[in-house]
Amino acid sequence: MSLYSEKVMDHFKHPRNVGVIENADGVGEVGNAKCGDIMKIYLKIDGGIISDVKFETFGCGSAIASSSMATELIKGKPLSEALTLTNKAVAEALDGLPAYKMHCSVLAEEAIKAAILDYYTKNNIPYDESLFRETSCAHCEDKPE
Amino acid sequence: MFVYADNAATTRVRPAAMKAYLETAESYFGNPSSLHSAGQRAKEELTRCREGIAACLGANPGEIYFTSGGSESDNQAILSAAYSGAKKGKKKIVSTAIEHHAVLHTLKKLGKEGFEIVLLPVGTDGIVKTADAEKEIDENTCLVSVMLANNEIGTIQPVAEIGALCRAKKIPFHTDAVQAVGHLPVNVNDLNCDYLALSGHKFGAPRGVGALYVRRGAPLLNLIEGGAQEKGKRAGTENLPAIAAMTVALGEAVRELPAYMEKVSALRDELIANLSKIPHCALNGDPKKRLCGNVSFCFEGIEGESLLLLLDEEGICASSGSACTSGSLDPSHVLLAIGRVHDVAHGSLRLTLSADTTEEEIAYMSEKIPQVVAYLRGMSPVWRDLKEGKRQYIL
């Protein structure tokens with residue numbers, strides 16, 4: 001299908017890092033089933049480095065591809081670097097997403113940040129709150145049935 | 001294996017229709033509005049086509065107007081009845097919640113212009129109740145519009161009954177029969193309709209051609225200004241090759257209808273039975289009062305677009321009412337209308353069969369679809385939550 005780039009299709013058909021990390025150091029889940037997208041990121045952190053990352057996604061092709069690409073981009077990286085990952089960088093690494101699918105890359109960025117925030121909170125590690133903006137999916141919560 | 005199971009979107013052009021298209025383009029190249037012999041021959045061919053389409057619908061040839069397709073036909077019927085009614089001070093329109101956007105968006109536009117639009121609900125079976133229509137139809141009603149068969153879930157509506165109600169109250173009645181014509185018996189007199197929209201490419205004609213049936217005496221305004229084609233109601237040089245192809249396609253479809261319906265409904269029921277074995281899924285719409293080729297399911301815990309993309313990888317062309325396939329945040333209005341909540345409406349799959357569908361294709365889909373559903377569930381955090389009891393199953 002020409003809707004997506006070859007890279008999106010590759011990551012969608014052969015997603016990297018799918019699965020769960022038991023006893024993960026940080027877990028982040030964003031989105032909701034009503035909107036049709038949920039991403040869950042599991043992190044294993046050793047000495048401030050993301051030594052392993054896994055994801056589970058309920059969503060469209062670009063949501064799965066965005067999750068896969070985002071996990072690839074942060075694997076083996078220090079948390080400080082993972083925190084600078086933007087949705088734009090995820091989309092660019094996938095050779096672009098259709099405009100109305102850009103929110104999938106936003107979810108990927110937010111899921112990673114949510115997982116890191118979970119790690120910081122669980123371990124009482126001080127952090128810069130300005131790095132964690134409110135999730136873009138908040139509006140979906142109010143959606144009527 | 002390649003399986004085309006999206007015949008409600010569009011059909012393969014029938015060989016006989018293609019042949020008619022090419023022969024007409026070559027032999028009847030004149031403009032039917034021209035006085036010379038080439039034009040007059042084309043005009044005669046146009047007349048024969050009009051007679052052919054009318055005969056298939058139980059209509060008079062003078063009641064058939066050729067258009068560009070279903071959307072134009074729906075627009076013209078609705079706007080004609082609405083604006084004509086408004087002149088008499090009647091500005092209420094009764095329709096249903098599951099209409100095609102060609103109807104719903106036209107009604108929305110009329111709503112902004114001050115018309116009162118009432119959309120009747122449907123039951124969980126996807127069928128509107130005649131009694132609900134009866135309650136809403138009153139002396140202020142200028143139009144009732146009810147589709148004959150739904151495009152997403154295939155359910156067949158009680159059009160003849162609602163048409164009879166309208167006839168008794170002398171209220172114009174339109175039916176969007178785009179999905180029905182060529183797929184079930186359609187007769188404008190049996191249906192008691194004043195307008196009926198049809199589209200060629202849903203039954204093996206090329207795209208870009210359709211027709212509007214307008215009962216003699218029913219108001220008709222033209223949407224396209226210009227020449228005097230179609231009795232001045234639809235300007236533009238007639239697309240004669242496509243009209244001829246549509247006439248041949250409909251004639252063939254109507255002749256083959258009994259055998260087609262018997263064969264395809266058996267395949268449909270087999271596919272429904274096989275897919276029903278997938279855990280936590282549900283058939284959308286009444287199992288029997290539906291188009292013979294329509295299979296529509298919701299699968300819990302997955303999203304429809306990713307399902308479609310993976311099925312496409314397996315050679316299966318299908319469709320979904322998920323939000324992600326439409327570019328909007330909301331899933332299909334039809335699935336919401338039958339009571340599917342957003343969470344499961346996102347995981348919908350529509351397979352629409354044709355006379356070309358084979359037993360092998362049904363077996364192939366019955367094998368591949370459960371595999372792909374299971375694969376996607378395997379990476380879905382929603383499915384994990386359902387399995388672990390952190391979330392309640394809906395289906």
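The model is a predicted one.

| Helix pair (chain A) | Angle between axes | Distance between axes |
|---|---|---|
| Helix 2 (residues 61–74) and helix 5 (residues 102–122) | about 40 degrees | 8 Å apart |
| Helix 1 and helix 2 | roughly 85 degrees | within 8 Å |

Helix 2 and helix 5 of chain A pack at an angle of about 40 degrees. Because of this angle, helix 2 of chain A is oblique to helix 5 of chain A. The crossing of helix 2 of chain A past helix 5 of chain A is right-handed. On the side of helix 2 of chain A, the contact is made by S62(A), A63(A), S66(A), S67(A), A70(A) and I74(A). Their counterparts in helix 5 of chain A are C104(A), S105(A), L107(A), A108(A) and I112(A). Seven residues of this contact between helix 2 and helix 5 of chain A are nonpolar, four are polar and none is charged.

The axes of helix 1 and helix 2 of chain A cross at roughly 85 degrees. Helix 1 of chain A is therefore roughly perpendicular to helix 2 of chain A. Helix 1 of chain A brings V8(A), H11(A) and F12(A) to this contact, while helix 2 of chain A brings G61(A), S62(A), I64(A), A65(A), S68(A) and M69(A). The contact of helix 1 with helix 2 of chain A holds five nonpolar residues, four polar ones and no charged ones.

**Contact between the chains**

Between the two chains, 21 residues of chain A touch 22 residues of chain B. On the side of chain A that touches chain B, two or more residues each come from helix 1 (6–13), strand 2 (37–46), strand 3 (49–58) and helix 2 of chain A. Which element of chain A gives the most to this side? Strand 3 of chain A does, with three residues. The side of chain A that touches chain B divides into eleven nonpolar, four polar and six charged residues.

**The seven-stranded sheet of chain B**

Strands pair through backbone hydrogen bonds, in a parallel or an antiparallel sense. In chain B, seven strands form an open sheet with mixed pairing, in the order 2-8-7-6-5-3-4. Strand 2 (64–67) and strand 4 of chain B each have a single partner strand, so one side of each has no neighbour in the sheet.

Strand 3 (residues 92–96) of chain B pairs with strand 4 (residues 116–120) of chain B in the parallel sense, over five bridges. S95(B) has L119(B) in strand 4 of chain B as its bridge partner. Together with helix 4 (residues 101–112) of chain B, strands 3 and 4 of chain B make a right-handed β-α-β unit. Strand 3 of chain B also runs parallel to strand 5 (residues 141–145) of chain B, joined by three bridges. Here I93(B) stands opposite L143(B).

**The three-stranded sheet of chain B**

Another open sheet of chain B has three strands in the order 9-10-12, with antiparallel pairing. Strand 9 (281–283) and strand 12 (348–352) of chain B are the edge strands, each pairing on one side only. Strand 9 of chain B is joined to strand 10 (residues 294–299) of chain B by three bridges, and the two run antiparallel. In this pair, C281(B) stands opposite F299(B).

Conventions
Residues are numbered from 1 along each chain as its sequence is written. Chains are lettered from A and ligands numbered from 1 in the order in which they are written. This is a predicted model: local features need pLDDT of at least 70, side-chain atom pairs count only at pLDDT 80 or more; totals for chains, interfaces and linings use all residues. Axes are lines fitted to C-alpha atoms, for helices over the stretch in contact, and angles run from 0 to 180 degrees between N-to-C directions. Helices (H or I, at least four residues) and strands (E, at least two) are DSSP runs, numbered from the N terminus. Angles under 35 degrees count as roughly parallel, over 145 as roughly antiparallel, 65 to 115 as roughly perpendicular and the rest as oblique. A crossing is left-handed if the near helix is turned anticlockwise from the far one by less than a right angle, and right-handed if clockwise. Two residues are in contact if their C-beta atoms, placed from the backbone, lie within 7 Å. Ala, Val, Leu, Ile, Met, Phe, Trp, Tyr, Cys and Pro count as nonpolar, Asp, Glu, Lys and Arg as charged, and the others, Gly among them, as polar. Two strands pair if DSSP finds at least two bridges between them. A crossover is right-handed if, with the strands pointing away from the viewer, the path from the first strand over the helix to the second runs clockwise.
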